Amino acid sequence: METIWNYLDNMFVNLPQTSEVLRAKEDLAEMMEDKYNELIKEGKMQNEAIGIVISEFGNIQELIDELGIASFTNADFVKKEQEEQDHRKNRAASNLRHVSGLEADEYLFAMKQGSMNIATGVFLCICSPILLLLLTAAQKSFLPVAEGLVLGLGLTVLLCMVASAVALFIISGMKLEAYEYLQKECFTLDQDYEYALRRSREARKKVFLIKIVAGVMLCILSAVPLIVTAIITEHGGREFPIILAVAFLLVFVGTAVALFITAGMEETSYQVILQEKEFSVKKKSGKKIEDLIAAIYWPAAVILYLGWSFASGDWQITWIMWPFAGFVFDFICKIIESAVKETSFT
């Protein structure tokens, strides 16, 4: 029977694997098996029985006509299926927003500028206390200046740097707000532009890797000046060299974080335009469901928390509901998303 089954597979190899064809194949296999067993019972040898079965059931064209199967090849079937898939994709794509190459380039440029502004702002925040620390240490060690002047100058510079950083954050946020729909909505791109963008991304991978490696190295090396200075001045009791080493540490860490931000935001911009990872069509659809659940769940959680807290008066205990609330929220989102996927599949 193994020989007959192999022959049967070869007979149907060029036919489309539809439910109709598969059902006909199963029926034919049963008939061939019954005929083979009948011949064996009559005393026929295995090879003789196989030959007779194949000769009776081996004309595939007669079977096609008898079973009413469409006479086209598997290649034709694959082509037809591909055409139907393309038609479904085009029909779905027609309902999506189309993003032009110019629009995508504007977003990439805005993200590049935004990453520089945000990286600069974070660097300013990290380095803002440096002057205050240095002036305070210098005033205690060797600088004959009033303490109030040192604090005033140091705090003024600190606040100016933080204010500048906040201004950069606000400017970047306002510019990128116009492109939020790219992160939330599904859209289509021109195929030629998408291909060119992927090539550009591949070319920029080396720069991305260099920035990440340089940032990691700076984070590791930032502690070296502080360690060396602490060892040298272990018995000297000098405060200013230690503070100076701390200043170098803050500069190194600030530079490393700036590199991480620029590299990360550039990679994120490519993921947004190419709709990958967290910004894929699948994730965006799930995000809509999650936002809908959150709009109902979290206000209800706040009401429950306040009601429980006011009723019991145990504010030092009731806060514990929030970790559980977060776990339950994630659990509910996953259950509902799974149910939606199963419904859409069926």
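Predicted model: local features only at pLDDT ≥ 70, side-chain atom pairs only at ≥ 80, totals over all residues.
Residues are numbered from 1 along each chain as its sequence is written, and side-chain values use heavy atoms, with hydrogens and water left out.

Let's start with the charges. A salt bridge here is a side-chain nitrogen of Lys or Arg within 4 Å of a carboxyl oxygen of Asp or Glu, and the model has 7 salt bridges by that rule. One of them joins K184 to E180, at 3.8 Å from N to O. Both residues belong to helix α9 (residues 180-184), 4 residues apart, or about one turn of the helix. Helices, by the way, are DSSP runs of H or I with at least four residues, numbered from the N terminus. How open is this pair? Accessibility is sorted into buried (under 20% relative accessible area), exposed (over 50%) and partly exposed in between, using a 1.4 Å probe and protein chains only. K184 counts as exposed because its relative accessibility is 54%, and E180, at 37%, counts as partly exposed.

Now move along to helix α10 (residues 191-221), where R198 and E194 sit 4 residues apart, again about one turn of the helix. Their side chains meet in a salt bridge of 3.0 Å, N to O. R198 has a relative accessible area of 34% and is therefore partly exposed; E194 is partly exposed too, at 24%. Also in the salt-bridge count is R201 with E267, at 2.5 Å from N to O. Because R201 lies in helix α10 and E267 in helix α12 (residues 240-274), this pair ties together parts that are 66 residues apart in sequence. Both R201 and E267 are buried. Step back and you'll see a network of salt bridges linking E194, R198, R201, E267 and E276.

Finally, the rings. Rings of Phe, Tyr and Trp (its six-membered ring) pair if their centres lie within 6.5 Å; planes under 30 degrees apart count as stacked, over 60 as edge-to-face and the rest as tilted. The whole structure has 4 aromatic pairs. W298 and W322 are stacked, 6.3 Å centre to centre with 25° between the planes. This pair links distant parts of the chain, with W298 in helix α13 (residues 281-312) and W322 in helix α15 (residues 321-345), 24 residues apart. W298 is partly exposed at 28% relative accessible area, as is W322 at 29%. Y305 and W322 make a tilted pair, 5.3 Å centre to centre and 55° between the planes. Y305, at 15% relative accessibility, counts as buried. Put together, W298, Y305 and W322 form one aromatic cluster.

Notes. Helix = DSSP H or I, 4+ residues; strand = E, 2+ residues; numbered from the N terminus.
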